[in-house]
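Reader: I'd like to go through this one with you before I set anything up. Can you show me what we have?

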Number of protein chains: 2
Amino acid sequence: MKRIIAATLATLALQAGAQQAIWDQNPTTSPEVNPDGSVTFRLLAPNATTVEVNGDFMPVVITDTPQGPRSTRPAASLTNDGNGLWSYTSAPLDPELYNYWFLVDGLQITDPSNAFKVRDTNITFDYFIVDGAQSELYQVHDVPHGTLSQIWYPSATAGTPRRMTVYTPAGYEAGTDRYPVLYLLHGMGGDETSWSQQGRAAMILDNLIASGQAEPMIVVMPNGNISMQAAPGETSAGLVQPTTKLPHTMDGLFEEAFPEIVSFTDSVFRTVPAKQARAVAGLSMGGFNAMGISRQYPGDFDYVGLFSAAIDRENGQSSPVFQDKDAKLASQFAAAPALYYIAIGNEDFLYDENKAYRAKLDTAGYKYVYVETDGGHIWRNWRKYLADFARRLFK
Amino acid sequence: MKRIIAATLATLALQAGAQQAIWDQNPTTSPEVNPDGSVTFRLLAPNATTVEVNGDFMPVVITDTPQGPRSTRPAASLTNDGNGLWSYTSAPLDPELYNYWFLVDGLQITDPSNAFKVRDTNITFDYFIVDGAQSELYQVHDVPHGTLSQIWYPSATAGTPRRMTVYTPAGYEAGTDRYPVLYLLHGMGGDETSWSQQGRAAMILDNLIASGQAEPMIVVMPNGNISMQAAPGETSAGLVQPTTKLPHTMDGLFEEAFPEIVSFTDSVFRTVPAKQARAVAGLSMGGFNAMGISRQYPGDFDYVGLFSAAIDRENGQSSPVFQDKDAKLASQFAAAPALYYIAIGNEDFLYDENKAYRAKLDTAGYKYVYVETDGGHIWRNWRKYLADFARRLFK
């Protein structure tokens with residue numbers, strides 16, 4: 001099988017490279033994950049005066065101020081080798097997927113040596129993975145892989161087609177089985193690509209299903225911004241920069257329109273179209289949506305996941321989704337959901353309102369599962385919550 | 001339907017933004033396409049000494065040198081407004097999709113204000129679109145949209161599953177029709193995401209099909225690097241940076257394994273599994289692949305597209321695909337393919353070998369369609385060739 005790469009090939013690459021000026025032109029290796037879990041960042045910038053790196057791998061520093069303790073995450077300085085090659089090696093890091101960026105004379109840039117980038121609303125970050133137990137699920141392994149599709153469904157409420165991302169488990173195409181469905185909702189500033197990109201949902205589900213930790217399931221990841229047909233740049237609005245400032249955010253209209261998503265899914269995919277085979281979960285705004293959807297349609301969802309959820313943050317009260325909330329919640333819990341799951345980090349800015357919501361459920365005697373982690377309102381937590389929640393579904 | 005965005009929403013965004021420090025923090029608008037087709041680029045970089053912009057929208061300059069004429073594409077300088085906001089407005093540009101990048105004190109960076117980025121092998125570029133006739137097909141319009149899927153197929157040749165991107169036309173999921181299939185192959189340095197990302201294949205097909213210019217068809221975009229299971233970062237090899245230097249490039253093994261892709265496609269999708277309903281086309285290395293595949297399996301493909309194709313650049317001669325090429329070509333043309341299509345730009349570095357190949361076909365009396373455009377070995381041409389080729393298929 002092993003054959004020598006002939007001169008013609010090298011010539012083709014060289015000529016095309018000379019013409020396109022894009023290939024293999026940057027010999028700098030960055031980032032480099034070292035065996036001890038430390039990471040070396042490098043940037044070739046001979047004319048720079050200062051180069052720094054920052055990201056969610058850097059330690060948070062708490063300082064006392066007259067206004068009270070203040071948490072910051074200072075950048076680390078890279079060192080110039082004298083020839084303009086700057087580098088910095090971090091402390092050994094816990095296994096995780098981390099984002100980072102460079103600051104060159106104060107200007108925030110992505111790493112030109114790293115092809116692995118991900119967009120969060122309007123900012124693009126580089127990322128890397130430190131191997132180990134916690135990051136195991138976020139990596140691609142040699143296991144059967146599901147299919148990830150971008151598919152459009154008709155929305156009578158929006159008056160337009162809208163796009164969703166759908167994960168179907170390995171074996172779906174060749175088989176005839178029907179599957180339960182997890183509806184998985186993004187947060188403010190996100191779209192139908194967020195869970196598959198930042199959330200690494202396909203990797204998490206592939207790995208959990210292959211190891212028998214989760215049941216094979218379909219995961220439907222719709223766009224929760226009812227005023228958007230699809231992610232920025234993927235609609236006839238053209239290349240409009242992403243923003244969190246969208247009409248109809250958290251005003252109930254997405255929840256009102258949600259049955260369209262369920263009926264489309266049931267009509268096009270081989271689902272088990274029944275309450276005991278449906279879950280709805282989401283992060284932040286998506287947790288708010290999941291709470292409202294499961295409360296509004298109590299006969300449709302047996303599993304509910306609130307990940308760092310916004311609680312009582314209705315944007316206006318005119319939607320029917322926001323009428324008689326307590327009575328609807330009572331009906332929902334009277335039918336005893338198979339799982340009502342609440343997860344949040346102890347540094348999350350929504351911690352207190354989740355605590356108050358739990359107290360309300362406790363007072364009413366409504367049963368739920370509660371998971372509290374370290375950290376704040378970040379993807380690192382939402383990936384963990386998805387993995388934990390998925391393991392508990394459809395058993 | 002119109003509801004006021006309440007204070008709670010703004011508060012949520014603000015608090016989350018303060019925590020995540022990612023949202024809406026960059027108020028610079030860049031790029032801005034002006035009504036006359038000129039484009040304004042802006043970068044906030046108070047500490048920079050020079051800021052330049054370059055990209056495929058900039059004019060090429062030919063200079064005489066002792067070694068003969070030399071073509072370069074000089075960068076344009078941005079001007080500092082005195083407060084560190086640099087800007088430059090281009091001349092009016094022809095309608096197209098263009099790539100660009102900034103050079104800050106000589107360091108090549110992406111535009112922090114632009115969410116629309118695309119990867120070409122190991123480099124990430126920003127892009128923008130100037131509206132008009134030529135770019136019409138590359139934009140998303142309010143037409144029925146097909147589905148784009150990333151799906152894995154078993155490869156006995158590679159001994160692993162491998163990933164492909166598949167476009168199914170609007171109406172596929174809800175209907176029962178069978179469709180013809182275009183197999184569309186990328187070039188060296190590309191992967192199964194290239195045609196859907198850089199090539200905007202889904203937009204082109206959606207628009208051509210909706211306007212009746214192309215027949216509804218399935219488009220299968222496999223990974224032509226037989227040593228790769230999938231795009232960089234999407235396999236158990238982890239986050240390995242993309243490179244053109246891959247084993248088994250153009251050594252015949254991909255062509256030998258191609259029937260696996262066809263039989264998987266026919267088994268999983270509602271195809272018309274017949275020669276008159278199959279096309280194979282590719283760019284550069286993918287054109288070389290398409291030539292070899294259609295010659296090796298003459299009973300399988302009635303439509304062949306060679307876009308800026310590498311011609312006789314076999315990497316070693318041991319593959320059966322490279323044996324008796326002339327006799328196989330004779331058999332292929334004896335069966336009179338419905339379309340044998342060759343397209344290339346007049347500045348392409350592969351122009352001369354395509355000219356020689358055409359002369360060979362002419363001498364043998366083999367019929368083909370030839371399209372020559374301006375320009376070189378670039379995506380701008382390959383998008384044009386795809387649109388032109390797709391219009392001619394399955395009529």
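Author: Below are some questions and answers about this predicted model.

Reader: How are the two copies, chain A and chain B, related?

Author: Chain A can be laid on chain B with an RMSD of 0.0 Å. That takes a turn of 180°, with a shift of 0.0 Å along the axis. The two copies are therefore related as by a two-fold rotation axis.

Reader: Which residue of chain A comes closest to the rotation axis?

Author: Taking C-alpha positions, the closest approach in chain A is 2.0 Å. As for the contact between the copies, the same surface serves both, and 97% of the contact residues of chain A recur in chain B. The residue of chain A closest to the axis is Ser149(A).

Reader: On to the sheets. Which strands are at the edges of the open four-stranded sheet of chain A?

Author: The order in this sheet is S1-S2-S8-S7, with antiparallel pairing. An edge strand pairs on one side only, and two strands of chain A do that. They are S1 (32-33) and S7 (79-80).

Reader: What is the bridge partner of Glu32(A) in S2(A)?

Author: S1(A) and S2(A), the latter covering residues 39-44, run antiparallel and are joined by two bridges. Glu32(A) has its bridge partner in S2(A), and that partner is Thr40(A).

Reader: Which residue takes a positive phi in the hairpin of S11(A) and S12(A)?

Author: S11 (residues 117-120) and S12 (residues 123-130) of chain A run antiparallel and are joined by four bridges. One of the bridged residues is Arg119(A), whose partner in S12(A) is Thr124(A). The hairpin has two residues between the strands, and phi is near 55° at Thr121(A).

Reader: Another backbone check: where does Met250(A) lie?

Author: Met250(A) is a residue other than glycine with a positive phi, near 60°. As for its place, Met250(A) is in the loop between S16 (218-222) and H4 (253-268) of chain A.

Reader: Is the peptide bond from Ser30(A) to Pro31(A) cis or trans?

Author: Pro31(A) sits in the loop between H1 (7-20) and S1 of chain A. In chain B, Pro31(B) lies in the loop between H1 (7-20) and S1 (32-33), and the bond from Ser30(B) to Pro31(B) is cis, with omega near -5°. For the bond from Ser30(A) to Pro31(A), omega is near -5°, and the bond is cis.

Reader: Which residues does Val143(B) touch, leaving out those up to four places away in sequence?

Author: Val143(B) is in the loop between S12 (123-130) and S13 (147-155) of chain B. Its C-alpha is 9.1 Å from that of Ala170(B), 27 residues apart along the chain. With residues up to four places away left out, Val143(B) touches Asp206(B), Asn207(B) and Ala210(B).

Reader: Are H5(A) and H6(A) roughly parallel or roughly perpendicular?

Author: The axes of H5 (residues 285-296) and H6 (residues 325-334) of chain A come within 8 Å and cross at roughly 70°. Angles of 65 to 115 degrees count as roughly perpendicular. H5(A) and H6(A) are therefore roughly perpendicular.

Reader: Last one: which residues in H6(B) does H5(B) meet, and how do the contact residues divide?

Author: H5(B) and H6(B) pack at about 70°, with axes 8 Å apart. From H5(B) come Ser294(B), Arg295(B) and Gln296(B), which meet Lys325(B), Lys328(B), Leu329(B) and Gln332(B) in H6(B). The residues of this contact divide into one nonpolar, three polar and three charged.

Conventions. Residues are numbered from 1 along each chain as its sequence is written. Chains are lettered from A and ligands numbered from 1 in the order in which they are written. This is a predicted model: local features need pLDDT of at least 70, side-chain atom pairs count only at pLDDT 80 or more; totals for chains, interfaces and linings use all residues. Side-chain values use heavy atoms; hydrogens and water are left out. Axes are lines fitted to C-alpha atoms, for helices over the stretch in contact, and angles run from 0 to 180 degrees between N-to-C directions. Contact means heavy atoms within 4.5 Å. Ala, Val, Leu, Ile, Met, Phe, Trp, Tyr, Cys and Pro count as nonpolar, Asp, Glu, Lys and Arg as charged, and the others, Gly among them, as polar. Copies are superposed by least squares on the C-alpha atoms of residues with pLDDT of at least 70 in both. Two strands pair if DSSP finds at least two bridges between them. Angles under 35 degrees count as roughly parallel, over 145 as roughly antiparallel, 65 to 115 as roughly perpendicular and the rest as oblique.
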